[in-house]
Amino acid sequence: MPELTSIDPATGDAVGRVAAAEPGDIGPIVARARAAQPGWAALTHRERADRLRAAIPDLRAAAEEIGTLVSREMGKPLAEGKGEAGYAADGLAEELDEIVAALEPQVLEDRRTRTTLHHDPFGVCAAITPWNFPVLMPQQSVVPALVAGNAVVLKPSEETPLCAQRWAECLQAHLPPDVLQVVHGAGDVGRALVRADVDLIVFTGSRATGIRIMQDAAEGLKRVILELGGKDPLVVLDDADLDAAAAFAVRNSFRNAGQVCVSTERIYVHRDVAAPFVDRVLERTKALVQGPGSAPGVGIGPMVNARQKAKVLRQVEDARRAGAKVLAGGTDLPGNFVPPTVLVDVDHSMEIMREETFGPVACIMQFGSDDEAVRLANDSPYGLGAAVFGRDAGRAEGVARRLTAGMVGVNQGCGGAQGTPWVGARQSGIGFHSGPAGHRQFAQVRANSRPR
Ligand code: ADP
(Lines give C-alpha, C1' and ligand atoms only; values in the text may rest on other atoms or scores of the structure.)
Protein backbone atom coordinates (compact mmCIF):
# COMPACT_ATOMS: atom_id res chain seq x y z
CA MET A 1 0.00 0.00 0.00
CA PRO A 2 1.58 3.36 -0.95
CA GLU A 3 1.77 6.07 1.68
CA LEU A 4 1.34 9.81 1.49
CA THR A 5 3.54 11.97 3.71
CA SER A 6 2.13 15.30 4.76
CA ILE A 7 4.83 17.99 4.96
CA ASP A 8 4.82 21.15 7.11
CA PRO A 9 5.56 23.88 4.54
CA ALA A 10 7.10 26.16 7.20
CA THR A 11 9.77 23.67 8.27
CA GLY A 12 9.87 20.84 5.72
CA ASP A 13 9.20 18.37 8.56
CA ALA A 14 6.84 15.44 8.11
CA VAL A 15 3.54 16.01 9.94
CA GLY A 16 2.40 12.42 9.46
CA ARG A 17 1.50 9.73 6.96
CA VAL A 18 -1.66 8.17 5.59
CA ALA A 19 -2.31 5.13 3.45
CA ALA A 20 -2.82 6.27 -0.12
CA ALA A 21 -4.88 4.69 -2.87
CA GLU A 22 -3.69 3.81 -6.33
CA PRO A 23 -5.86 4.57 -9.35
CA GLY A 24 -6.63 0.85 -9.65
CA ASP A 25 -8.13 0.78 -6.13
CA ILE A 26 -10.87 3.27 -6.96
CA GLY A 27 -13.27 0.95 -8.81
CA PRO A 28 -13.93 -1.34 -5.82
CA ILE A 29 -14.18 1.67 -3.45
CA VAL A 30 -16.85 3.28 -5.65
CA ALA A 31 -18.63 -0.08 -5.91
CA ARG A 32 -18.88 -0.16 -2.11
CA ALA A 33 -20.36 3.34 -2.15
CA ARG A 34 -22.83 2.23 -4.82
CA ALA A 35 -23.89 -0.74 -2.68
CA ALA A 36 -24.33 1.37 0.46
CA GLN A 37 -26.26 4.18 -1.23
CA PRO A 38 -29.80 2.68 -1.50
CA GLY A 39 -29.98 2.02 2.25
CA TRP A 40 -28.86 5.58 2.95
CA ALA A 41 -31.33 6.95 0.39
CA ALA A 42 -34.15 5.08 2.14
CA LEU A 43 -33.89 7.50 5.09
CA THR A 44 -35.56 10.91 4.93
CA HIS A 45 -33.59 14.11 4.48
CA ARG A 46 -34.25 14.92 8.13
CA GLU A 47 -33.05 11.50 9.33
CA ARG A 48 -29.86 11.79 7.34
CA ALA A 49 -29.27 15.32 8.63
CA ASP A 50 -29.80 14.08 12.19
CA ARG A 51 -27.10 11.44 11.74
CA LEU A 52 -24.71 14.19 10.75
CA ARG A 53 -25.93 16.44 13.56
CA ALA A 54 -24.86 13.75 16.00
CA ALA A 55 -21.27 14.34 14.82
CA ILE A 56 -21.23 17.98 16.00
CA PRO A 57 -20.01 17.24 19.57
CA ASP A 58 -17.22 15.08 18.10
CA LEU A 59 -16.25 17.84 15.66
CA ARG A 60 -16.22 20.38 18.52
CA ALA A 61 -14.11 18.11 20.70
CA ALA A 62 -11.66 17.55 17.84
CA ALA A 63 -11.60 21.18 16.64
CA GLU A 64 -8.36 22.03 18.44
CA GLU A 65 -6.61 18.93 17.06
CA ILE A 66 -8.01 19.37 13.53
CA GLY A 67 -7.18 23.09 13.54
CA THR A 68 -3.61 22.39 14.59
CA LEU A 69 -3.29 19.88 11.75
CA VAL A 70 -4.66 22.44 9.29
CA SER A 71 -1.99 24.92 10.35
CA ARG A 72 0.83 22.36 10.28
CA GLU A 73 -0.15 20.77 6.97
CA MET A 74 -0.69 23.90 4.90
CA GLY A 75 0.92 26.69 6.89
CA LYS A 76 -1.85 29.11 7.87
CA PRO A 77 -1.57 30.79 11.29
CA LEU A 78 -2.63 28.48 14.11
CA ALA A 79 -5.50 30.75 15.18
CA GLU A 80 -6.88 30.65 11.63
CA GLY A 81 -6.56 26.86 11.45
CA LYS A 82 -8.39 26.46 14.74
CA GLY A 83 -10.88 29.11 13.66
CA GLU A 84 -11.65 27.13 10.51
CA ALA A 85 -12.19 23.85 12.38
CA GLY A 86 -14.31 25.57 15.06
CA TYR A 87 -16.37 27.47 12.48
CA ALA A 88 -17.04 24.23 10.59
CA ALA A 89 -18.28 22.53 13.77
CA ASP A 90 -20.30 25.52 15.00
CA GLY A 91 -21.91 26.21 11.63
CA LEU A 92 -22.96 22.65 10.89
CA ALA A 93 -26.30 22.65 12.76
CA GLU A 94 -27.60 25.70 10.91
CA GLU A 95 -26.23 24.33 7.64
CA LEU A 96 -28.08 21.06 8.11
CA ASP A 97 -31.37 22.85 8.81
CA GLU A 98 -30.90 24.96 5.71
CA ILE A 99 -30.19 21.90 3.54
CA VAL A 100 -33.21 19.97 4.84
CA ALA A 101 -35.47 22.98 4.19
CA ALA A 102 -34.04 23.46 0.69
CA LEU A 103 -34.70 19.82 -0.22
CA GLU A 104 -38.34 19.78 0.99
CA PRO A 105 -40.72 18.81 -1.81
CA GLN A 106 -42.19 21.82 -3.58
CA VAL A 107 -45.79 21.82 -4.84
CA LEU A 108 -46.86 23.63 -8.00
CA GLU A 109 -50.48 23.87 -9.07
CA ASP A 110 -52.40 25.29 -11.96
CA ARG A 111 -56.02 24.77 -12.97
CA ARG A 112 -55.52 21.22 -14.22
CA THR A 113 -52.37 19.76 -12.66
CA ARG A 114 -50.77 19.33 -9.28
CA THR A 115 -47.02 18.75 -9.48
CA THR A 116 -44.64 17.84 -6.69
CA LEU A 117 -40.93 18.53 -7.15
CA HIS A 118 -38.90 15.96 -5.24
CA HIS A 119 -35.18 16.32 -4.56
CA ASP A 120 -33.72 12.85 -4.90
CA PRO A 121 -30.13 11.65 -4.71
CA PHE A 122 -28.03 11.24 -7.84
CA GLY A 123 -26.30 8.13 -6.46
CA VAL A 124 -22.56 8.30 -5.81
CA CYS A 125 -20.82 11.64 -5.45
CA ALA A 126 -17.07 12.20 -5.85
CA ALA A 127 -15.88 15.17 -3.75
CA ILE A 128 -12.41 16.45 -4.71
CA THR A 129 -11.17 19.23 -2.49
CA PRO A 130 -8.21 21.62 -2.23
CA TRP A 131 -5.73 22.42 0.55
CA ASN A 132 -6.39 26.12 1.21
CA PHE A 133 -9.50 25.56 3.38
CA PRO A 134 -8.94 21.87 3.98
CA VAL A 135 -11.84 21.42 6.42
CA LEU A 136 -14.43 23.92 5.19
CA MET A 137 -14.21 22.78 1.57
CA PRO A 138 -14.80 19.10 2.36
CA GLN A 139 -17.65 20.10 4.66
CA GLN A 140 -19.33 22.28 2.02
CA SER A 141 -19.01 19.51 -0.58
CA VAL A 142 -19.74 16.41 1.46
CA VAL A 143 -22.55 17.50 3.80
CA PRO A 144 -25.14 18.61 1.22
CA ALA A 145 -24.33 15.55 -0.91
CA LEU A 146 -24.96 13.23 2.05
CA VAL A 147 -28.17 14.93 3.19
CA ALA A 148 -29.49 14.65 -0.36
CA GLY A 149 -29.01 10.87 -0.05
CA ASN A 150 -25.86 10.36 -2.06
CA ALA A 151 -22.99 8.14 -0.94
CA VAL A 152 -19.75 10.13 -1.07
CA VAL A 153 -16.15 9.30 -1.86
CA LEU A 154 -13.99 12.21 -0.69
CA LYS A 155 -10.50 12.79 -2.07
CA PRO A 156 -8.91 15.59 -0.08
CA SER A 157 -5.86 17.39 -1.38
CA GLU A 158 -2.64 15.44 -1.12
CA GLU A 159 -1.21 18.48 0.74
CA THR A 160 -3.68 18.18 3.62
CA PRO A 161 -4.71 14.54 4.07
CA LEU A 162 -4.50 14.36 7.87
CA CYS A 163 -6.91 17.13 8.85
CA ALA A 164 -9.46 16.02 6.26
CA GLN A 165 -9.15 12.42 7.44
CA ARG A 166 -9.69 13.43 11.06
CA TRP A 167 -12.68 15.60 10.09
CA ALA A 168 -14.24 12.76 8.07
CA GLU A 169 -13.76 10.27 10.92
CA CYS A 170 -15.97 12.44 13.14
CA LEU A 171 -18.78 12.04 10.59
CA GLN A 172 -18.10 8.41 9.75
CA ALA A 173 -18.66 7.43 13.40
CA HIS A 174 -22.34 8.33 12.91
CA LEU A 175 -22.89 6.98 9.40
CA PRO A 176 -23.52 3.50 8.00
CA PRO A 177 -20.41 1.83 6.53
CA ASP A 178 -19.24 3.04 3.11
CA VAL A 179 -21.68 5.96 2.94
CA LEU A 180 -18.70 8.31 3.34
CA GLN A 181 -15.31 6.97 2.28
CA VAL A 182 -12.04 8.88 2.07
CA VAL A 183 -9.34 8.12 -0.47
CA HIS A 184 -5.93 9.72 -0.40
CA GLY A 185 -3.67 10.41 -3.32
CA ALA A 186 -2.67 12.98 -5.91
CA GLY A 187 -4.24 14.02 -9.20
CA ASP A 188 -4.03 10.52 -10.72
CA VAL A 189 -6.25 9.19 -7.94
CA GLY A 190 -8.64 12.15 -8.40
CA ARG A 191 -8.77 11.41 -12.10
CA ALA A 192 -9.54 7.73 -11.51
CA LEU A 193 -12.36 8.80 -9.21
CA VAL A 194 -13.84 11.13 -11.82
CA ARG A 195 -13.69 8.35 -14.42
CA ALA A 196 -15.15 5.71 -12.07
CA ASP A 197 -18.84 4.86 -11.75
CA VAL A 198 -19.83 8.13 -10.03
CA ASP A 199 -22.85 10.30 -10.86
CA LEU A 200 -21.87 13.71 -9.50
CA ILE A 201 -18.44 15.32 -9.19
CA VAL A 202 -18.05 18.20 -6.77
CA PHE A 203 -14.70 19.88 -7.23
CA THR A 204 -13.02 22.93 -5.78
CA GLY A 205 -9.61 23.81 -7.19
CA SER A 206 -7.79 25.37 -10.08
CA ARG A 207 -9.35 26.29 -13.41
CA ALA A 208 -6.87 24.03 -15.24
CA THR A 209 -7.87 20.98 -13.21
CA GLY A 210 -11.55 21.95 -13.53
CA ILE A 211 -11.19 21.82 -17.32
CA ARG A 212 -9.64 18.35 -17.13
CA ILE A 213 -12.38 17.11 -14.81
CA MET A 214 -15.10 18.46 -17.09
CA GLN A 215 -13.48 16.70 -20.06
CA ASP A 216 -13.33 13.40 -18.17
CA ALA A 217 -16.89 13.82 -16.88
CA ALA A 218 -18.23 14.59 -20.35
CA GLU A 219 -17.84 11.01 -21.51
CA GLY A 220 -20.48 9.77 -19.07
CA LEU A 221 -22.41 13.10 -19.07
CA LYS A 222 -21.79 13.18 -15.34
CA ARG A 223 -23.05 16.10 -13.30
CA VAL A 224 -20.36 18.51 -12.17
CA ILE A 225 -20.22 21.30 -9.64
CA LEU A 226 -16.94 23.13 -10.22
CA GLU A 227 -15.76 25.94 -7.97
CA LEU A 228 -12.65 27.25 -9.68
CA GLY A 229 -10.19 30.06 -9.29
CA GLY A 230 -10.54 33.80 -9.51
CA LYS A 231 -8.68 37.01 -10.21
CA ASP A 232 -10.82 39.18 -7.97
CA PRO A 233 -10.73 42.94 -8.53
CA LEU A 234 -11.05 45.63 -5.86
CA VAL A 235 -12.21 49.02 -7.17
CA VAL A 236 -11.39 52.02 -4.97
CA LEU A 237 -13.45 55.03 -6.08
CA ASP A 238 -12.23 58.59 -5.46
CA ASP A 239 -14.73 59.14 -2.62
CA ALA A 240 -13.79 55.92 -0.78
CA ASP A 241 -12.88 55.78 2.89
CA LEU A 242 -9.21 55.16 2.15
CA ASP A 243 -8.41 53.68 5.56
CA ALA A 244 -11.19 51.13 5.20
CA ALA A 245 -10.26 50.38 1.58
CA ALA A 246 -6.57 49.93 2.43
CA ALA A 247 -7.39 47.75 5.43
CA PHE A 248 -9.54 45.55 3.20
CA ALA A 249 -6.93 45.48 0.43
CA VAL A 250 -4.19 44.30 2.79
CA ARG A 251 -6.38 41.82 4.63
CA ASN A 252 -7.82 40.32 1.48
CA SER A 253 -4.59 40.25 -0.51
CA PHE A 254 -2.51 38.61 2.21
CA ARG A 255 -4.97 36.45 4.18
CA ASN A 256 -3.83 32.81 4.07
CA ALA A 257 -0.75 34.15 2.22
CA GLY A 258 -3.08 35.03 -0.66
CA GLN A 259 -4.08 31.39 -1.10
CA VAL A 260 -7.81 32.06 -1.15
CA CYS A 261 -10.00 31.76 -4.24
CA VAL A 262 -11.59 35.13 -3.41
CA SER A 263 -8.32 36.89 -2.59
CA THR A 264 -8.01 40.39 -3.95
CA GLU A 265 -5.68 39.82 -6.92
CA ARG A 266 -6.10 43.15 -8.75
CA ILE A 267 -6.57 46.59 -7.21
CA TYR A 268 -7.86 49.52 -9.29
CA VAL A 269 -7.67 52.87 -7.55
CA HIS A 270 -8.83 56.26 -8.85
CA ARG A 271 -5.73 58.27 -9.77
CA ASP A 272 -6.76 61.24 -7.59
CA VAL A 273 -6.50 59.11 -4.44
CA ALA A 274 -3.83 56.63 -5.58
CA ALA A 275 -0.92 58.16 -3.61
CA PRO A 276 -2.62 58.28 -0.18
CA PHE A 277 -4.17 54.84 -0.79
CA VAL A 278 -0.80 53.27 -1.65
CA ASP A 279 0.79 54.90 1.44
CA ARG A 280 -1.87 53.33 3.64
CA VAL A 281 -1.47 49.92 1.99
CA LEU A 282 2.31 50.04 2.52
CA GLU A 283 1.99 51.08 6.14
CA ARG A 284 -0.32 48.16 6.90
CA THR A 285 1.76 45.72 4.86
CA LYS A 286 4.90 46.58 6.80
CA ALA A 287 3.08 45.89 10.08
CA LEU A 288 2.37 42.27 9.10
CA VAL A 289 4.28 39.58 10.97
CA GLN A 290 5.36 36.61 8.87
CA GLY A 291 6.55 33.26 10.13
CA PRO A 292 5.56 29.67 10.78
CA GLY A 293 1.83 29.36 11.53
CA SER A 294 2.62 27.98 14.99
CA ALA A 295 4.59 31.08 16.11
CA PRO A 296 2.71 33.60 18.27
CA GLY A 297 1.46 36.78 16.61
CA VAL A 298 2.05 35.53 13.07
CA GLY A 299 -0.46 36.87 10.53
CA ILE A 300 1.01 35.40 7.38
CA GLY A 301 2.57 31.98 6.92
CA PRO A 302 4.43 30.26 4.05
CA MET A 303 3.21 29.16 0.65
CA VAL A 304 1.81 25.63 0.71
CA ASN A 305 4.75 24.25 -1.29
CA ALA A 306 7.81 25.12 -3.36
CA ARG A 307 5.89 24.90 -6.66
CA GLN A 308 3.40 27.54 -5.51
CA LYS A 309 6.21 29.77 -4.26
CA ALA A 310 8.10 29.51 -7.56
CA LYS A 311 4.96 30.46 -9.51
CA VAL A 312 4.35 33.56 -7.40
CA LEU A 313 7.97 34.74 -7.59
CA ARG A 314 8.08 34.16 -11.33
CA GLN A 315 4.96 36.31 -11.87
CA VAL A 316 6.45 39.08 -9.71
CA GLU A 317 9.79 38.90 -11.54
CA ASP A 318 8.11 38.96 -14.98
CA ALA A 319 6.06 42.00 -13.95
CA ARG A 320 9.16 43.76 -12.60
CA ARG A 321 10.97 43.14 -15.87
CA ALA A 322 8.00 44.54 -17.79
CA GLY A 323 8.08 47.80 -15.78
CA ALA A 324 6.22 47.16 -12.52
CA LYS A 325 7.63 48.82 -9.41
CA VAL A 326 8.02 46.68 -6.27
CA LEU A 327 7.25 48.87 -3.23
CA ALA A 328 7.33 46.07 -0.63
CA GLY A 329 8.48 42.46 -0.55
CA GLY A 330 9.30 40.79 -3.84
CA THR A 331 12.39 39.11 -2.39
CA ASP A 332 13.21 35.43 -2.11
CA LEU A 333 13.06 34.26 1.50
CA PRO A 334 14.32 30.89 2.78
CA GLY A 335 11.99 27.89 2.64
CA ASN A 336 8.51 28.32 1.22
CA PHE A 337 8.05 31.92 2.37
CA VAL A 338 7.09 34.78 0.07
CA PRO A 339 6.98 38.19 1.78
CA PRO A 340 3.83 40.31 1.45
CA THR A 341 4.52 42.12 -1.80
CA VAL A 342 3.09 45.37 -3.19
CA LEU A 343 3.40 46.24 -6.89
CA VAL A 344 2.43 49.45 -8.69
CA ASP A 345 2.73 50.47 -12.35
CA VAL A 346 1.23 47.16 -13.43
CA ASP A 347 -0.93 46.69 -16.53
CA HIS A 348 -2.93 43.98 -18.24
CA SER A 349 -0.08 42.92 -20.52
CA MET A 350 1.47 41.29 -17.43
CA GLU A 351 0.58 37.72 -16.46
CA ILE A 352 0.24 38.84 -12.84
CA MET A 353 -2.84 40.87 -13.85
CA ARG A 354 -4.34 38.07 -15.93
CA GLU A 355 -3.61 34.65 -14.39
CA GLU A 356 -4.46 33.65 -10.84
CA THR A 357 -1.44 34.25 -8.56
CA PHE A 358 -2.63 32.58 -5.34
CA GLY A 359 0.08 34.34 -3.37
CA PRO A 360 0.61 37.38 -1.10
CA VAL A 361 0.83 40.02 -3.81
CA ALA A 362 -1.15 43.27 -4.02
CA CYS A 363 -1.08 44.69 -7.56
CA ILE A 364 -2.24 48.30 -7.77
CA MET A 365 -3.23 50.00 -11.04
CA GLN A 366 -4.78 53.47 -11.54
CA PHE A 367 -7.94 54.42 -13.41
CA GLY A 368 -9.52 57.75 -14.36
CA SER A 369 -13.28 57.14 -14.59
CA ASP A 370 -15.92 54.69 -13.35
CA ASP A 371 -16.30 53.35 -16.90
CA GLU A 372 -12.60 52.63 -17.09
CA ALA A 373 -12.65 50.89 -13.69
CA VAL A 374 -15.52 48.65 -14.83
CA ARG A 375 -13.79 47.85 -18.11
CA LEU A 376 -10.53 46.90 -16.36
CA ALA A 377 -12.22 44.89 -13.61
CA ASN A 378 -14.21 42.92 -16.20
CA ASP A 379 -11.20 42.30 -18.43
CA SER A 380 -10.65 38.74 -17.17
CA PRO A 381 -11.90 35.27 -18.02
CA TYR A 382 -12.58 34.80 -14.30
CA GLY A 383 -15.60 36.09 -12.41
CA LEU A 384 -15.61 34.85 -8.82
CA GLY A 385 -15.64 37.71 -6.30
CA ALA A 386 -15.15 41.48 -6.48
CA ALA A 387 -15.34 44.51 -4.19
CA VAL A 388 -16.07 48.20 -4.67
CA PHE A 389 -15.25 50.85 -2.07
CA GLY A 390 -16.90 54.28 -2.25
CA ARG A 391 -18.80 56.57 0.16
CA ASP A 392 -21.64 57.40 -2.25
CA ALA A 393 -23.51 54.12 -1.87
CA GLY A 394 -25.63 54.63 -5.01
CA ARG A 395 -22.58 55.19 -7.18
CA ALA A 396 -20.61 52.31 -5.64
CA GLU A 397 -23.60 49.97 -6.04
CA GLY A 398 -23.95 51.12 -9.64
CA VAL A 399 -20.34 50.19 -10.35
CA ALA A 400 -20.80 46.88 -8.49
CA ARG A 401 -23.84 45.95 -10.59
CA ARG A 402 -21.77 46.35 -13.75
CA LEU A 403 -19.08 43.90 -12.62
CA THR A 404 -19.25 40.43 -14.13
CA ALA A 405 -18.38 38.57 -10.91
CA GLY A 406 -20.66 36.10 -9.16
CA MET A 407 -20.26 37.74 -5.73
CA VAL A 408 -19.62 41.45 -5.30
CA GLY A 409 -19.23 43.31 -2.00
CA VAL A 410 -19.72 47.07 -1.59
CA ASN A 411 -17.50 48.46 1.17
CA GLN A 412 -16.90 44.88 2.30
CA GLY A 413 -15.73 41.54 0.97
CA CYS A 414 -17.89 39.32 -1.19
CA GLY A 415 -19.22 37.03 1.56
CA GLY A 416 -23.01 37.28 1.79
CA ALA A 417 -25.72 36.84 4.42
CA GLN A 418 -26.77 33.35 5.55
CA GLY A 419 -28.30 31.57 2.56
CA THR A 420 -26.17 33.31 -0.08
CA PRO A 421 -24.75 30.90 -2.64
CA TRP A 422 -21.01 30.65 -3.22
CA VAL A 423 -21.10 31.30 -6.92
CA GLY A 424 -18.60 32.05 -9.63
CA ALA A 425 -19.50 33.62 -12.96
CA ARG A 426 -17.69 33.10 -16.27
CA GLN A 427 -14.74 30.67 -15.99
CA SER A 428 -14.72 30.69 -12.19
CA GLY A 429 -17.26 27.91 -12.00
CA ILE A 430 -19.98 25.69 -13.34
CA GLY A 431 -22.85 25.20 -10.93
CA PHE A 432 -22.37 26.37 -7.37
CA HIS A 433 -22.83 25.38 -3.76
CA SER A 434 -24.19 26.85 -0.50
CA GLY A 435 -27.49 28.52 0.21
CA PRO A 436 -30.79 26.82 -0.69
CA ALA A 437 -30.17 27.15 -4.43
CA GLY A 438 -26.69 25.62 -4.03
CA HIS A 439 -27.89 22.73 -1.85
CA ARG A 440 -30.44 21.69 -4.49
CA GLN A 441 -27.65 21.13 -7.00
CA PHE A 442 -26.63 18.03 -5.04
CA ALA A 443 -30.02 16.47 -5.82
CA GLN A 444 -31.89 15.29 -8.91
CA VAL A 445 -35.15 17.22 -9.29
CA ARG A 446 -38.01 14.88 -10.15
CA ALA A 447 -41.44 16.23 -11.08
CA ASN A 448 -44.42 13.98 -10.27
CA SER A 449 -47.71 15.26 -11.65
CA ARG A 450 -51.39 14.26 -11.45
CA PRO A 451 -54.70 15.82 -12.42
CA ARG A 452 -56.23 18.08 -9.80
P1 ADP B 1 -3.36 22.57 -6.74
O2 ADP B 1 -2.50 22.30 -7.93
O3 ADP B 1 -3.24 23.95 -6.25
O4 ADP B 1 -3.27 21.55 -5.65
P5 ADP B 1 -5.62 21.48 -8.12
O6 ADP B 1 -6.80 22.16 -8.65
O7 ADP B 1 -4.72 20.82 -9.12
O8 ADP B 1 -4.86 22.53 -7.26
O9 ADP B 1 -6.03 20.38 -7.05
C10 ADP B 1 -7.23 20.36 -6.34
C11 ADP B 1 -7.64 18.93 -6.10
O12 ADP B 1 -7.82 18.27 -7.37
C13 ADP B 1 -6.63 18.08 -5.36
O14 ADP B 1 -7.34 17.21 -4.49
C15 ADP B 1 -5.92 17.32 -6.47
O16 ADP B 1 -5.35 16.10 -6.06
C17 ADP B 1 -7.07 17.06 -7.43
N18 ADP B 1 -6.70 16.81 -8.83
C19 ADP B 1 -5.60 17.24 -9.50
N20 ADP B 1 -5.64 16.86 -10.79
C21 ADP B 1 -6.80 16.16 -10.96
C22 ADP B 1 -7.44 15.50 -12.08
N23 ADP B 1 -6.90 15.49 -13.31
N24 ADP B 1 -8.64 14.90 -11.87
C25 ADP B 1 -9.21 14.92 -10.66
N26 ADP B 1 -8.66 15.51 -9.57
C27 ADP B 1 -7.47 16.12 -9.71
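How many salt bridges does the structure hold by the rule applied here? The count comes to 30 salt bridges, in a model that is predicted. The legends below describe several close-up views.

**View 1. The protein chain is divided into two domains.** Domain 1 is made of residues 3-228 together with residues 426-451, while domain 2 covers residues 232-410. Taken over C-alpha atoms, the centres of domain 1 and domain 2 are separated by 31 Å. To the contact, domain 1 gives 19 residues and domain 2 gives 26 residues.

**View 2. Domain 1 and domain 2 bury area between them.** The buried area is about 2,000 Å², with 55% of it on carbon and sulfur atoms. Ten residue pairs are in polar contact across the interface of domain 1 and domain 2, whereas the count of salt bridges between domain 1 and domain 2 is zero. On the side of domain 1 that touches domain 2, helices α3 (56-74) and α4 (78-102) each supply at least two residues. The residues of this side of domain 1 comprise eight nonpolar, five polar and six charged.

**View 3. D199 and R34 form a salt bridge.** The closest N and O atoms of D199 and R34 are 3.0 Å apart. D199 is in the loop between α7 (187-195) and β8 (200-204), and R34 is in helix α1 (residues 26-41).

**View 4. W131 and F358 form an edge-to-face aromatic pair.** The structure holds two aromatic pairs. In the pair of W131 and F358, the ring centres are 5.7 Å apart and the planes stand at 80 degrees, so the pair is edge-to-face. W131 lies in the loop between β5 (124-128) and α5 (136-147), and F358 lies in the loop between β13 (341-344) and β14 (361-367), so the pair ties together parts that are 227 residues apart in sequence.

How values were computed. Residues numbered from 1 in each chain as written. Predicted model: local features only at pLDDT ≥ 70, side-chain atom pairs only at ≥ 80, totals over all residues. Heavy atoms only, no water. Domains from an automatic or database assignment. Contact = heavy atoms within 4.5 Å. Buried area = accessible area lost by both parts, 1.4 Å probe. Salt bridge = Lys/Arg side-chain N within 4 Å of Asp/Glu carboxyl O. Polar contact = N/O pair within 3.5 Å; in protein donor to acceptor, adjacent residues only side chain to side chain. Helix = DSSP H or I, 4+ residues; strand = E, 2+ residues; numbered from the N terminus. Nonpolar A, V, L, I, M, F, W, Y, C, P; charged D, E, K, R; others polar. Phe/Tyr/Trp six-rings, centres within 6.5 Å; stacked < 30°, edge-to-face > 60°.
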